[in-house]
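Student: I would like to go through this structure with you. Could we begin once it is on the screen?

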Amino acid sequence: MSNNSQSQSVMIISVVIGSLCGCLVVVIIVVVLLVARFRRRSASLNLNVEIPVTINYSAPGMDLTMTGSGAGLPMLEQTSIARQTTLIEQIGCGRYGNVWKGRWMEQYVAVKVFASKDEQSWAREVEIYQTAMLRHTNILGFIAADNNDNGAWTQLWLVTDYCEFGSLFDFLTQNAIDGKTMLKLVESASAGLAHLHLAVQGLQGKPAIAHRDIKSRNYLVKKDCSCCLGDFGLAVSHDVLSNRLTIPQTTKVGTIRYMAPEILDESMNYGSFEAYKQADIYSLALVIWEITSRCSLTGDIEDYRQPYEDMVEADPSFEEMAQVVSKKQVRPLIPDNWQQDKLICRVSQIIEECWSNSPSARLSALRIKKSLKQMMNNS
Ligand code: ADP
Ligand code: MG
């Protein structure tokens with residue numbers, strides 16, 4: 001080989017090796033930047049990035065309504081789902097921004113958009129949804145969370161299953177129901193709360209969680225006329241092993257109309273987790289009363305009425321509710337004709353036990369769920 005062609009070969013080899021090294025360096029830099037960015041996001045969200053055991057959301061066009069146990073999708077997948085979602089129309093507004101019907105792939109989803117000043121509420125609700133083992137047929141299905149900082153503002157999104165009948169409040173205002181639907185709604189509402197309240201011990205355990213804002217507007221009605229519980233912005237969790245309670249920022253929270261007598265007269269023991277569960281049960285009793293009031297088994301069906309609608313102002317104050325619920329110990333009316341039907345009569349006994357003035361006399365959500373299951377099997 002001539003000197004000339006030898007030096008040409010050396011040059012070609014050097015160029016090839018040099019280019020390969022260059023590419024490798026670029027790839028390494030990109031990977032390092034991506035990992036660092038992902039870590040930063042995960043840390044700032046303080047979210048669990050564990051890959052769930054039983055759910056696989058990654059296939060396009062998959063069924064988002066499937067259930068199982070798990071803490072949620074990895075953050076990167078959540079971000080990509082959220083960013084492929086388009087908003088269609090606004091379907092609700094609440095305390096912390098607006099809820100939209102959206103589309104992801106071929107499916108409808110619900111997107112709760114938080115104002116950036118409510119980042120804490122968004123983070124709290126996302127944290128609750130990411131709790132291991134929270135997934136349940138009667139808990140609103142969580143899909144993804146995203147905090148997208150576009151430079152000018154931060155978009156805080158919470159993507160969940162879309163429930164086409166809207167909230168239980170919307171459903172009851174628009175529909176009278178038969179006995180079967182009444183039992184299904186009451187059973188599913190108590191099953192969702194029973195699962196939330198449940199503590200599962202062990203490595204893949206679940207803390208007990210109290211909701212603190214149980215009301216018909218926070219239950220969503222699914223296609224099959226069962227309902228699921230949503231809106232976990234005020235929830236408190238209790239780790240059984242360490243007996244650690246996530247201390248709420250304020251004690252007088254929730255919706256005044258649905259507040260338990262012990263919250264209204266300020267006698268509640270805020271250090272005891274049991275007390276939060278018992279307060280949830282009082283509010284659930286009002287929700288069961290709302291459902292039962294719209295049941296056609298009682299003969300004449302009245303228009304939908306909110307609990308205490310004829311006893312307090314449209315937007316009652318804390319003091320006004322305290323006067324009615326704690327001081328006078330008044331409860332919504334149970335009409336006489338509820339005694340004429342065996343099913344409704346039994347449900348009304350459950351309601352009365354659950355809105356007892358004495359928190360410890362109230363039934364547990366699990367007990368209510370079991371009684372309702374039995375009634376469904378026998379009817
Ligand atoms: P907020 O914390 O602001 O009260 P919610 O989560 O309770 O927000 O949602 C407010 C309202 O938006 C609900 O009462 C309901 O009417 C509607 N909504 C919320 N989530 C869904 C959903 N997944 N499907 C259909 N409607 C929903
Ligand atoms: Mg709400």
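**Loops, ligands and spaces**

Tutor: Gln-329 is found in the loop between α8 (318–327) and α9 (342–354); helices (H or I, at least four residues) and strands (E, at least two) are DSSP runs, numbered from the N terminus. This is a predicted model, in which local features need pLDDT of at least 70 and side-chain atom pairs count only at pLDDT 80 or more, while totals for chains, interfaces and linings use all residues. Residues are numbered from 1 along each chain as its sequence is written, chains are lettered from A and ligands numbered from 1 in the order in which they are written, and side-chain values use heavy atoms, with hydrogens and water left out.

Student: What is the phi of Gln-329?

Tutor: Phi of Gln-329 is near 55°, a positive value in a residue other than glycine. Gln-329 is partly exposed, at 46% relative accessibility; buried means under 20% relative accessible area, exposed over 50%, and partly exposed in between (1.4 Å probe, protein chains only).

Student: And Arg-212, buried or exposed?

Tutor: Arg-212 is buried, with a relative accessible area of 15%. Arg-212 also has a positive phi, about 70°, although it is not a glycine, and its place is the loop between β6 and β7.

Student: Which residues come nearest to ligand 1?

Tutor: Of the 19 residues around ligand 1, the nearest are Arg-95, Lys-112, Asp-161, Arg-217 and Asn-218; a residue counts as near if one of its heavy atoms lies within 4 Å of the molecule. A polar side-chain atom of Lys-112 is 2.9 Å from an oxygen atom of ligand 1. For Asn-218, an N or O atom in the side chain lies 2.9 Å from an oxygen atom of ligand 1.

Student: What about Asp-161, where does it lie?

Tutor: Asp-161 lies in strand β5 (residues 154–161) and is buried, with a relative accessible area of 13%. A polar backbone atom of Asp-161 is 2.8 Å from a nitrogen atom of ligand 1.

Student: Now the open spaces. Which residues lie nearest the centre of the largest pocket?

Tutor: Gly-92, Cys-93, Val-99, Arg-217 and Asn-218 lie nearest its centre, out of 34 lining residues. On a 1 Å grid over the protein atoms alone, a pocket is an open set of points with protein on both sides within 12 Å along at least five of seven lines, a cavity is a set where a 1.4 Å probe fits but cannot get out, and lining residues have an atom within 4 Å of a point. The largest share of the pocket lining, four residues, comes from β1.

Student: Which residues are closest to the centre of the largest cavity?

Tutor: Arg-212, Asp-213, Val-253, Ile-263 and Ala-279 are the closest, of the 17 residues that line the largest cavity. Helix α7 (residues 273–293) gives the largest share of that lining, four residues.

Terms used:
A polar contact is a pair of N or O atoms within 3.5 Å; within protein, one must be able to donate a hydrogen and the other to accept it, and residues adjacent in sequence count only if both atoms are side-chain atoms.
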